2 protein chains.
Amino acid sequence: MKRPAELERLLGYQIQMVHLDFDSNARDVLAPFGLTPVRFTALLLIDANPGCDQTALGRALSVNRSSAMKLVNGLEQAGLVERRAGRDLRTNALHLTDEGVAAIAAVRERLTESETRLASRLDAHEQEVLQSLLAKLQRRRAARG
Amino acid sequence: MKRPAELERLLGYQIQMVHLDFDSNARDVLAPFGLTPVRFTALLLIDANPGCDQTALGRALSVNRSSAMKLVNGLEQAGLVERRAGRDLRTNALHLTDEGVAAIAAVRERLTESETRLASRLDAHEQEVLQSLLAKLQRRRAARG
DNA sequence: TATTGTTATACTCTATAACTATA
DNA sequence: TATAGTTATAGAGTATAACAATA
């Protein structure tokens with residue numbers, strides 16, 4: 001299949017293609033641990049913000065309360081996260097279990113290693129430049145629902 | 001919510017965040033035309049490869065035959081694509097209708113314009129560097145299904 | 001009144017498996 | 001035997017809307 005030249009010029013298309021590579025790679029690495037990119041990101045967010053509530057977690061992940069609910073259900077059933085009493089009677093305080101902490105540690109090395117392999121098409125300097133350009137390109141996303 | 005430092009260092013995470021911006025922007029632009037990023041990409045691919053069959057299209061989009069089927073059904077019902085007789089009696093030859101050609105033209109300007117706005121956080125030189133780094137980072141994806 | 005969690009429900013996208021008709 | 005299209009079905013993932021408890 002010939003690629004339309006127009007596509008190649010669209011920055012969003014290039015980003016999508018690269019994202020596809022990295023995302024499917026991450027899914028392969030995370031799957032044996034029962035994790036997905038979103039679930040793993042949730043673990044890291046809870047780790048960095050112990051005691052946060054579900055709505056805040058959902059906002060950080062750009063999903064609504066209902067979806068955050070399902071996400072936390074899954075992580076709780078997997079024994080990685082627990083709901084404790086929150087700052088008032090409406091809210092849950094989310095915390096990693098020991099298993100959750102262990103899961104992050106177990107995944108970390110494999111994920112970094114496979115990303116290093118993917119990024120190896122660029123030399124060290126190029127990787128640095130890419131990181132900084134991507135950081136500059138980012139904006140804070142608006143929260144939903 | 002505090003962002004975990006570990007996430008910021010993962011290239012895949014940075015790419016995902018940037019992709020999220022561009023993807024949701026593209027969805028907003030395409031929605032009034034009844035299109036999504038995948039559907040629009042399909043139109044451009046058929047435009048660049050008139051007479052291609054569904055399986056090849058699916059391969060280029062990294063979806064299987066069944067999903068390509070549904071995709072083409074939608075585009076056909078929207079009057080943008082038509083199935084003609086293919087090179088043998090098993091295959092369909094996909095072609096854009098006049099409406100399909102018009103849809104691409106209508107979308108093109110708005111999409112490029114909104115991407116320009118998103119990319120404007122980088123100057124011209126930085127955009128060029130980013131494009132070339134992303135192109136270099138890409139690999140051809142394996143086909144599925 | 002507003003917010004948090006929750007539940008029920010539905011929609012979209014994609015995959016798998018099996019069928020058919022061709023090759 | 002293998003391939004293209006098709007169909008039925010199921011599974012993620014997410015959204016909307018409404019409800020209860022609490023603020």
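Predicted model: local features only at pLDDT ≥ 70, side-chain atom pairs only at ≥ 80, totals over all residues.
## Chain A

Chain A contains 7 helices and 2 strands. Read from the N terminus, the order of its elements is α-α-α-α-α-β-β-α-α. The C-alpha trace of chain A extends over about 55 × 35 × 30 Å along its principal axes.

Of the 145 residues in chain A, 48% are buried. The accessible surface of chain A comes to about 7600 Å², with 50% of it supplied by carbon and sulfur atoms.

## Interface between chains A and B

The size of an interface is often expressed as the accessible area lost when the parts come together. Here the area buried between chain B and chain A is about 5900 Å², and carbon and sulfur atoms give 63% of that area. The contact involves 55 residues of chain B and 55 residues of chain A.

Between the two chains there are 4 salt bridges and 17 residue pairs in polar contact, counted with both residues at pLDDT 80 or more. On chain B, the side that touches chain A draws at least two residues from each of α1 (5-9), α2 (11-30), α3 (37-48), α4 (54-61), α6 (98-119) and α7 (124-137). Helix α2(B) gives the most, with 13 residues. By residue class, this side of chain B divides into 30 nonpolar, 10 polar and 15 charged residues.

A:Glu115 belongs to helix α6 (residues 98-119) of chain A. A:Glu115 counts as buried because its relative accessibility is 8%, under the 20% limit. Apart from neighbours within four places in sequence, the contacts of A:Glu115 are A:Phe22 and A:Asn25 in chain A, together with B:Leu10, B:Leu11, B:Gly12 and B:Tyr13 in chain B.

A polar atom of the A:Glu115 side chain lies 3.1 Å from the backbone nitrogen of B:Leu11. The residue with the corresponding number in chain A, A:Leu11, is 104 residues from A:Glu115 along the chain, and the C-alpha atoms of A:Leu11 and A:Glu115 are separated by 22 Å.

A:Arg108 forms a salt bridge with B:Glu6, with 2.8 Å between the closest N and O atoms. A:Arg108 is partly exposed, at a relative accessible area of 37%, whereas B:Glu6 counts as buried at 15% relative accessibility.

## Salt bridges within each chain

Over all chains, the structure holds 16 salt bridges. One of them joins A:Arg87 to A:Asp53, where the closest N and O atoms are 3.2 Å apart. A:Arg87 sits in the loop between β1 (81-85) and β2 (92-96) of chain A and A:Asp53 in the loop between α3 (37-48) and α4 (54-61), so the pair ties together parts 34 residues apart in sequence. A:Arg87 is exposed at 65% relative accessibility, while A:Asp53 is buried with a relative accessible area of 13%.

In chain B, B:Arg87 forms a salt bridge with B:Asp53, and the closest N and O atoms are 3.3 Å apart. B:Arg87 lies in the loop between β1 (81-85) and β2 (92-96) of chain B and B:Asp53 in the loop between α3 and α4 of chain B, so this pair also ties together parts that are 34 residues apart in sequence. B:Arg87 is exposed, with a relative accessible area of 65%, and B:Asp53 counts as buried at 14% relative accessibility.

Notes:
Residues numbered from 1 in each chain as written. Chains lettered and ligands numbered in written order. Heavy atoms only, no water. Contact = heavy atoms within 4.5 Å. Buried area = accessible area lost by both parts, 1.4 Å probe. Salt bridge = Lys/Arg side-chain N within 4 Å of Asp/Glu carboxyl O. Polar contact = N/O pair within 3.5 Å; in protein donor to acceptor, adjacent residues only side chain to side chain. Helix = DSSP H or I, 4+ residues; strand = E, 2+ residues; numbered from the N terminus. Nonpolar A, V, L, I, M, F, W, Y, C, P; charged D, E, K, R; others polar. Buried < 20%, exposed > 50% of the residue type's maximum accessible area, 1.4 Å probe, protein only. Areas by Shrake-Rupley, 256 points an atom, 1.4 Å probe, with all protein chains shown as cover.
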